[in-house]
Amino acid sequence: MVESRVRLGRVDQLKVEVAYRPGTTIVSLLVDALGGRPQGVLPHVRRTVRAGLPRDAAQLLSPLFVPGVSPIPDWLSMDAADSDQEIREALARMRDLSADTVLAGIDFTFGGRIPDRWEPALRDPRRYAGAFADALDAVRTTCAPALRRTRAVYEREAERVGIASVTGQIGVVLSQLNALWRLDGDDLVYNGGRIGDHVLGDRRFLLVPLLSGTNASIFSLDTQDSVSLGYPARGLALAWNVPEPPAESRDALSHVAGRVRARILRYLAHRPTVSETAAHLNCAPATVTYHCHQLEDAGLLVRERRGRSVRMTLTPRGEALVELLTQ
């Protein structure tokens with residue numbers, strides 16, 4: 001097995017930051033939709049993303065990707081885009097890239113040994129950069145409702161990683177990023193293909209929660225000031241607000257938890273109050289209160305006071321149950 005390592009130094013002294021970068025999630029969704037390394041995107045989400053892509057851009061870009069390792073040029077990464085406005089600005093800059101910049105990025109990405117499938121991009125680099133920008137913009141538009149919900153998921157991840165850092169458990173977090181990364185002593189080992197060995201040194205170490213799929217992995221290891229690793233955020237299925245299947249007999253969560261409780265569990269991605277949940281389900285608050293008490297007793301939800309209101313959210317066990325029975 002081909003392995004590559006990121007040498008972190010002493011994990012027990014590692015300073016970890018959690019970065020909110022919806023632009024990276026958009027790139028992950030596009031890589032998956034174009035046939036690159038599968039990101040574990042939910043099937044109905046993948047179909048929606050593909051259907052929303054401009055036909056010309058999809059036909060032009062799909063041949064560039066294969067299911068294995070899918071390196072992308074740095075001008076395509078959108079690492080610094082952490083708001084919709086910044087994503088728009090990054091796409092505008094992408095459309096205005098010079099041919100020399102596009103070519104330099106491709107050459108650096110592949111270490112001067114550019115795969116045959118990328119050869120057409122070398123002949124018309126600005127056309128390809130524009131096609132990528134158009135495709136990413138289409139993904140941004142198609143997935144806008146889910147991306148607006150990423151802030152709540154990011155906040156939960158930031159809290160989880162922060163607690164792990166101060167309690168000396170950051171190694172546990174790093175050992176559970178996804179199937180492609182594992183912690184070996186003080187090194188993160190990547191087993192998804194050869195990407196070279198890297199040393200963190202005095203650079204910042206950033207974890208980027210991705211909301212694209214359960215096997216999402218977008219990373220940047222070569223920048224001067226930081227190393228960033230994108231990984232599947234917890235509560236992934238909830239972030240997409242997966243609708244209940246029209247045929248209840250095929251809905252595993254409803255079979256296990258009951259129809260009303262399944263709808264409550266899925267709606268908890270919004271951190272609602274009881275009254276908000278009752279309005280969403282179009283049923284009496286007393287009914288919602290009863291079911292929420294049962295879910296709380298089962299360890300699937302917790303209540304949190306936020307100012308003058310009490311909001312509900314899933315526990316890690318609840319997130320795992322919903323994700324398992326939704327896919």
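## Reading a predicted model, one question at a time

Student: Which residues are the closest to the centre of the largest pocket?

Tutor: The lining has 37 residues, and the closest to the centre are Pro-71, Ile-72, Phe-219, Ser-220 and Asp-222. Helix H5 (99-109), strand E6 (204-210), E7 and E8 each give two or more residues to that lining. H5 gives the most, with three residues.

Student: What makes up the lining of the largest pocket: how many residues are nonpolar, polar and charged?

Tutor: There are 15 nonpolar, 13 polar and nine charged residues in the lining.

Student: What makes E7 an edge strand?

Tutor: E7 (219-220) pairs on one side only, and so does strand E2 (16-18). They belong to an open sheet of four strands in the order E2-E6-E8-E7, with mixed pairing.

Student: How do you know that E7 and E8 pair?

Tutor: Pairing asks for at least two bridges. E7 and strand E8 (residues 226-232) have two bridges, in the antiparallel sense, so they meet the cut-off for a pair. Ser-220 stands opposite Ser-228 in E8.

Student: Why is the contact of Arg-5 and Asp-187 called a salt bridge?

Tutor: The cut-off is 4 Å from a side-chain nitrogen of Lys or Arg to a carboxyl oxygen of Asp or Glu. Arg-5 and Asp-187 are at 3.1 Å, N to O, so the pair falls within 4 Å and counts as a salt bridge. Arg-5 lies in strand E1 (residues 4-7) and Asp-187 in strand E4 (residues 187-190), so the pair ties together parts that are 182 residues apart in sequence.

Student: What makes Arg-95 count as partly exposed?

Tutor: Arg-95 has 32% relative accessibility. Partly exposed lies between the buried limit of 20% and the exposed limit of 50%, so the label follows. Asp-137, at 22%, is partly exposed too.

Student: How do you know that Arg-95 and Asp-137 meet in a salt bridge?

Tutor: They are at 3.6 Å, N to O, and the limit is 4 Å, so the pair qualifies. This pair links distant parts of the chain, with Arg-95 in helix H4 and Asp-137 in helix H7, 42 residues apart. Both residues belong to a network of salt bridges that also includes Asp-84, Arg-88, Asp-134 and Arg-140.

Note on methods:
Residues numbered from 1 in each chain as written. Predicted model: local features only at pLDDT ≥ 70, side-chain atom pairs only at ≥ 80, totals over all residues. Heavy atoms only, no water. 1 Å grid on protein atoms, 1.4 Å probe; cavity = no way out; pocket = protein on both sides within 12 Å on 5 of 7 lines; lining within 4 Å. Nonpolar A, V, L, I, M, F, W, Y, C, P; charged D, E, K, R; others polar. Buried < 20%, exposed > 50% of the residue type's maximum accessible area, 1.4 Å probe, protein only.
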